[in-house]
Amino acid sequence: HCLTVDRNIGCGPYYIRWILNKGDIMKKLSILSVLCGAALGLGSVASANAATTLEAVQAKGFVQCGVSQGLPGFSNADDSGKWTGLDVDMCRAVAAAVFGDPGKVKFSPLSAKQRFTALSSGEVDILSRNTTWTMTRDTQLGLNFAGVNYYDGQGMMVPKSLGVKAATELDGANICTNTGTTTELNITDYFRSNGMSFNLVAFEKADEVVAAYDAGRCDVYTTDRSGLAAQRGKLTKPDDHVVLSEIISKEPLGPVVRQGDDQWFNIVRWSLNAMINAEEMGVSSANVNNMKYSGNLDPGIARLIGKEGKFGQELGLSNDWAYNIILKVGNYGESYEKHVGPNTPLKLARGVNALWSQGGILYAAPIR
């Protein structure tokens, strides 16, 4: 252990070598034992004194949430600075679970390049920013994905004037996208597998990509299909552009937390699960109050809204944590319809994001 502890307290290999060149063996072992014990002891004290994410959030009185720099339907601020969207509701749900108040959340707009550093450094408590769950991100960045709140796939948008009907007609195209995203890798794989060449034009900010594409600097704009639907509305003439039918990747998007804090990971994961389970059980912001005071409830609903069991206590929260999410944010279906559904500017059909019982793949573990 002495070879790996902090050298600043004198337990590095050079100091050890100096000790071993001095005195008798018992004295050497005694000194080494004291030095290494002190180093390990300091580490234990530091670990014991470190606040959990939940404790830190409760102490400051709000959840700090990393979101996009402006993606309508998912995380977007209006002129007054009010944030709305499917990803924003994920953050509001966690705030409702922790504080009973979805308003106790602050938002940090982050570029794709900034987002993981901001989370790892503790600048934000949650990253809820249309972020794709991949193996590399899950295993090498010190992060945990708490679930999927939108199943997506990468697409391509082109001007109608280009006359392109299929992505296989784009050999030699200039393609705009964001840096630091899976889209760069996916588009490279797609063109390589189809024996085509292309020129990538990448920008850090999403609005820079939109502006470049709108100005004709590239032939294609590629990102998640939900993102194309959201960003299309920012173009000068949205109706002059079309999204091609090809879907070239799987993009499971979801909230992310730091590794090493299972309690906070569980709070975020089960906040999402509560919203999905609520929709499946028919529990909504409109009827959850009536259910709370009903004397004859389905056992699953009773557990969900805190009338039976101590499931909130097991998370370190009050037992009405899920009730507060449903009442003050809504179930998953309510959030979807409000922000990205067919009656919104994005007009996104539920598709695979429908409940598993309604032809989709949306499925949450049970609360029991």
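Colleague: Which residue's side chain meets that of Lys-60 in a salt bridge?
Modeller: A salt bridge here puts a side-chain nitrogen of Lys or Arg within 4 Å of a carboxyl oxygen of Asp or Glu. For Lys-60 the N to O distance is 2.8 Å, and the partner is Asp-125.

Colleague: What pLDDT do local features need?
Modeller: Residues are numbered from 1 along each chain as its sequence is written, and side-chain values use heavy atoms, with hydrogens and water left out. This is a predicted model: side-chain atom pairs count only at pLDDT 80 or more, totals for chains, interfaces and linings use all residues, and local features need pLDDT of at least 70.

Colleague: How many residues apart are Lys-60 and Asp-125?
Modeller: The salt-bridge count comes to four. Helices (H or I, at least four residues) and strands (E, at least two) are DSSP runs, numbered from the N terminus. Lys-60 sits in helix H3 (residues 53-60), while Asp-125 is in the loop between helix H5 (115-120) and strand S5. The pair links distant parts of the chain, at a separation of 65 residues.

Colleague: Is Asp-125 buried or exposed?
Modeller: Buried means under 20% relative accessible area, exposed over 50%, partly exposed in between (1.4 Å probe, protein chains only). Lys-60 has 35%, so Lys-60 is partly exposed. Asp-125 has 4%, so Asp-125 is buried.

Colleague: Which residue forms a salt bridge with Arg-350?
Modeller: The closest N and O atoms are 3.1 Å apart. Arg-350 has a relative accessible area of 16%, so Arg-350 is buried. The partner is Glu-279.

Colleague: Which residue in strand S4 stands opposite Cys-65?
Modeller: Two strands pair if DSSP finds at least two bridges between them. S1 (residues 63-67) and S4 (residues 105-109) pair in the parallel sense over five bridges. Cys-65 faces Ile-126 in S5. In S4, the residue opposite Cys-65 is Phe-107.

Colleague: Which residues of S1 lie on the side away from Val-63, Cys-65 and Val-67?
Modeller: In a regular strand, side chains alternate between the two faces of the sheet. In S1, five of five residues are buried. Both faces of S1 are covered: Val-63, Cys-65 and Val-67 are on one side, and on the other are Gln-64 and Gly-66.

Colleague: How many residues does the largest nonpolar core have?
Modeller: A nonpolar core is a set of buried Ala, Val, Leu, Ile, Met, Phe, Trp, Tyr and Cys residues joined through side-chain atoms within 4.5 Å. Val-94 and Trp-264 are among those with the most contacts inside the largest one. A second, separate core has 14 residues, including Val-164 and Tyr-190. The largest core has 59 residues.

Colleague: What is the volume of the largest pocket?
Modeller: On a 1 Å grid over the protein atoms alone, a pocket is an open set of points where a 1.4 Å probe fits, with protein on both sides within 12 Å along at least five of seven lines; lining residues have an atom within 4 Å of a point. Grid points are joined across faces, edges and corners, and the volume is the space filled by probe spheres set on them. The lining has 25 residues, with Tyr-150 and Arg-225 among those nearest the centre. The volume is about 490 Å³.

Colleague: Which element supplies the largest share of that pocket's lining?
Modeller: Strand S7 (150-152) and helix H9 each supply at least two lining residues. The largest share is six residues, and the element is H9.
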